[in-house]
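Reader: I'd like a close look at one part of this model, the place where two chains meet. Could you walk me through it?

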Amino acid sequence: MHFQGIYADEIVGKAYDRRLLWRFAGYLRPYLWLVGVVLCILPLTTAAKLAQPWLIKQAIDNHIVTGDLAGLPAIAAYFLLLILGESLLSFLEVWLLQYMGQRVMQDIRLELFSHVQRLSASFFDRTPSGSLVTRLTSDVEVLGEMFAAGIITVVGDFLLLAGIVGVMLWMNLQLSLVTFTVLPLLFWITFTFRRRMRGAFRQVRARLANLNTFISESISGVAVVQLFNRQRQEMEEFTRLNGSYRDANMPVITWDAALYAAVETLSSVAVGLLIWYGSGEILAGSLTFGALVAFIQYIEKFFAPIRDLSAKYSVMQGAMAALERLFNLLDCNEVLAEGGGERQIPPGPPLSRGEELPFIRFHDVWFAYNNDDYVLKGFGLEIRRGETIALVGESGGGKTTVTRLLSRLYDVSRGGIELDGSDLKTMPLQGLRRRIGIVLQDPYLFTGTVEENICLGDESVRPRVRGAAALVGAERFIEKLPAGYGEEVRERGSNFSVGERQLISFARAVAFDPEILVLDEATASVDSESERLIQEGLKGLMAGRTTLVVAHRLSTIRDADRIVVIHRGEKVEEGSHDELMAWGGVYYRLHQLQFREAGSGPGQSGR
Amino acid sequence: MGALFLVATNGFALLIPWLLKLAVESVQSPGQAGRSPAWYGGAIIVAALLHGIIRIFSRTTLLHNARRIEYRIRQDLYERLLGLDLAYFNAERTGDLISRFANDLTNVRMLVGFGVLNILNTAVIYSAALFLMWRISPLLTLLAIIPFPVMIMVVKRISAAMFRRSRRAQEELARLTSAVEENVSAAAVVKAYCREEAAIGSFATVSRRYMASNMRMAQLRGLMIPVMAATGALGTLIVLVIGGQKVVAGSLTLGDFVAFNGYLAMLIWPTIIMGWILNLIQRGAASMSRLNEVLLAEAGVSEPAEPLTPEKIEGGVELRDLSFSYEASPTPVLSSISLVIPPGSRLGIVGPVGCGKTTLVRLIARLYPVAGGTLLIDGIDVNRLPLRTLRDAIGFVPQESFLFSRSVAENIAFGREGASRGEIESASSLASLEGDVASFPQGYDTMVGERGITLSGGQKQRTAIARALVKDPAILILDDPLSAVDAATEEEILASLSGYYGQRTVIIVSHRLSALRGCDCIVYLEEGRIVEQGGHDGLLALDGRYAALHREQQLRREMEEI
Ligand SMILES: Nc1ncnc2c1ncn2[C@@H]1O[C@H](COP(=O)(O)OP(=O)(O)OP(=O)(O)O)[C@@H](O)[C@H]1O
Ligand SMILES: Nc1ncnc2c1ncn2[C@@H]1O[C@H](COP(=O)(O)OP(=O)(O)OP(=O)(O)O)[C@@H](O)[C@H]1O
Ligand SMILES: [Mg+2]
Ligand SMILES: [Mg+2]
């Protein structure tokens, strides 16, 4: 059972960028028109960029050198127009890209979130919440960076590069070829470096996930750390994780810097080559002065996006690693199969008294949270409609597990559970769970108001909120709150006492008015007076309703029709209170123990 | 070191354009200058190679440095968080804090890394180019930079807005993080109540708001880059027109004109980059202000200025007129509580839900600030006792058992550093956990999941008890420690605890009187006041609330027995 690798999300895969990108491209589909617009803008801005040095060349060669100033204002006007056009278009471009990026991020976030809602409880047992948080925030954020850095403008960059190469070749073939001798080297360097960076990137992301998980757990458990004076040890562990994250980043930076410097150096080398060769050409008269100037400018413009490309490359690497992790989560299929398909139900033993079908039937249920560590071993139970059944037994015996299986948070490993004669697995999940109202052993409150916590935002439940609160005796303290039902609840209900939280979550189950009520230690943290009030209140409620009560306080279950004793995952006794007392087994012993204590009270058996 | 490299890089950054100028001059007037243009071409190549090598070092040094700074800030943040009290954590949302660690810190790192790097680079290139341009023609230089002041004004406007919008976006992101964090932690409730659709709906709202705030940010980002690009290009235009006229008029040589244009071209890219840097700066500053909120947070519970450190804590606790209210609510939770708990005695606390029992025991451990009234431990004001000393003396079983996602053994050993396997085992046998652990596949090395999610309720509670017992404290505080265990286990634990108590001071909170067996004194709390106090028999004789509670629990037994 139990945990396997907290940090299961360390990704070690092959480099399948193309598949990732292709799949990612699917998310762009709704915004294809935007992509289209951007792709239309790109050639325009590119042209504007290309035309500027060329205009300068014209100005120098045709006007300045010749001293013919008449045409200069016209060229200046064109130039101005180009600048304005370029600015306008590139604003549009940047903005559209960001717009699209934000939309895509939003889509992915929603898809991820919805997907996570469908995942089964066992997934959440295994996965630290910190890592899911990272997935839905930082990882998606990295995708946004990708848009901001402009993956689509990369297309534009390549267009610009091609354009510049074209123009340069057209202006002066030989000079261009000399300048371009640096290009093969450039490609080789970029290619080698990026291969090395990918592995390093993955490690960075994995270590970051560990770090974030640790932080989020520390924040939740800070009181325990302080109470046990463990600050130093936690700090040491944190330092280790923090340091290993920092160290993982260092090689990435080094490679990145090397790539950047290489590009920059090559651009200067190209200028050097240009002058070295071009000066000869000018002397020989085969190159105009204006052309040389234009060439220098073109080279500047040529290397700018490449230099930028190497920066974008880091972003892309990060985005690839993030995509990989996001898609892994989306591909995680730990989902309970929805009902609908018919499943063969193994025939159970013939009904003993030949009367009506049991309402709920656990039939030889075997269940393990992990592998073969069976927590329930051949558990069987039949409950008739309207009955109240109590589950008692030693802590860790499997009571909560029975309730979880009933609401199908997990699927049985063997055997089956039937409700109203049909197997749980054949029913739609939501339909099933709507019929069951459960008070969980660990009450959980959400941030929001008290009222929201009882109705959970379900409008059809809202009218019953007050009635339910009154029934479980939560009304008394809620009405004393400054804002009453509108009182703000902090994270996990931290501004309420544990007993108050339990009462609120009890009220929640009652307000949902379910067909089947499951109370898992629902009054464990409540005082006897309140407990008595709840029991009186519940009497009416439980009439005609099927109820499953888990309780350690035997006093709370005396009204149960039948009591089931679970021991180490097996049903060891079943019957009414009187039957079990007469039987003299586990229940009898528990009962004796508990009521001897209650009877004795504190003073008597002490010192 | 980094600075040295930077100076070197700067040197080369100046050298290359200088060589370029010389080269252009030698092309323009061959034979005049000493060296051939080709020589300059070669020199440029050599300089570029050297420049590249140094560039690697300077960039690596700076960015590594940024990572180190990030590391330091993260260390500081974490250390600060460990020192803050529960009042702080009640007011903040976990997701918000996580977001500060993750997203805000990233923004700050970008600022100190790429931001600083580019600011330096830009400054160097600007000064180099302007210097060279000035040497050619001061007038043209001035003209060329005319667009810049205009640009700076525009940018200033944008920047201020950017800071505000950035901060807003970071806040929305924190909200989004909190929403995810909460939803994921509450998976069981969401499923049990079929709230998936509702959860998706409210997440969509939060997510959309975040998107909207990002869009507003994007507008500014979109504006910045074209403004910068236009500035550079306008300069070129001015030079072309005015400079061209000067060339024609003969007041400027063609070579100078060309060189001048070359330098101006060098400025285009840094100017564009500047838009991006400004964005980084504003985002970094907004995020830093959020980090500062944590770094500068004042802990209500802090180390005493003049500590009194006793040799050994015996475990006497005295409350004098102690009052307390949570920041959020105006009504006091505890009012004027006075109580003496002699060392080695056992105190029981009972009272209805929400009467302040947990609050009272939390104050003894100083999880919240003790301000109203006095709390004495062995006669020393708790506010003057070093926190470490105080907490070393206290073993605490909180009402809600929080476990870490580590192994069972590690969770128990959390109570005392370096606890041996034997000690862990004997603590867990005191807490009746042994049998359960034996049934786990990996025994004590079984991992328990986040918050102990893979243990049963009672197992979690007993692990928390074992964790407190292994500490061997002078004062043992048990806050409703047996609420989740069955009668048989409860009986077992109580029996072994009564052997363990020995000379320790014990404070037990419970709703069941059975757990208070053997208490010397029992306190009945109601609405934050002690309404009854005394031994079991005395309280029964008083025939008040306690007696009623006892009767109630008795009555149940009798009803059962009928
Ligand atoms: N999510 C889980 N993953 C793995 N093992 C689990 C999980 N939940 C419970 N277990 C194990 O299954 C067994 C039965 O647990 P369950 O919660 O059903 O007990 P319980 O009878 O409700 O006990 P308690 O009275 O203490 O609440 C325990 O040994 C527990 O450690
Ligand atoms: N962090 C907080 N902020 C504001 N109010 C709080 C906070 N914690 C508790 N309260 C309120 O203070 C009162 C006392 O809470 P406390 O937890 O001390 O009760 P308790 O006696 O331990 O109750 P229980 O029996 O339910 O455990 C309650 O009314 C509760 O709502
Ligand atoms: Mg349970
Ligand atoms: Mg409490």
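Which residue forms a salt bridge with R59(B), and how far apart are the closest N and O atoms?

Author: This is a predicted model, where local features need pLDDT of at least 70, side-chain atom pairs count only at pLDDT 80 or more, and totals for chains, interfaces and linings use all residues. Residues are numbered from 1 along each chain as its sequence is written, chains are lettered from A and ligands numbered from 1 in the order in which they are written, and side-chain values use heavy atoms, with hydrogens and water left out.

R59(B) pairs with D256(A), and their closest N and O atoms sit 3.6 Å apart. A salt bridge here is a side-chain nitrogen of Lys or Arg within 4 Å of a carboxyl oxygen of Asp or Glu. Between chain B and chain A the count comes to 10 salt bridges.

On the side of chain B that touches chain A, helix α8 (residues 196–249) of chain B gives the largest share, 28 residues; helices are DSSP runs of H or I, at least four residues, numbered from the N terminus. That side of chain B splits into 92 nonpolar, 47 polar and 45 charged residues. Nonpolar covers Ala, Val, Leu, Ile, Met, Phe, Trp, Tyr, Cys and Pro, charged covers Asp, Glu, Lys and Arg, and the others, Gly among them, are polar.

Zooming out, the contact (heavy atoms within 4.5 Å) takes 184 residues from chain B and 182 residues from chain A. The buried area is about 17000 Å², with carbon and sulfur atoms giving 63%; that is the accessible area (1.4 Å probe) the two parts lose on being put together, summed over both.

Key
Helix = DSSP H or I, 4+ residues; strand = E, 2+ residues; numbered from the N terminus.
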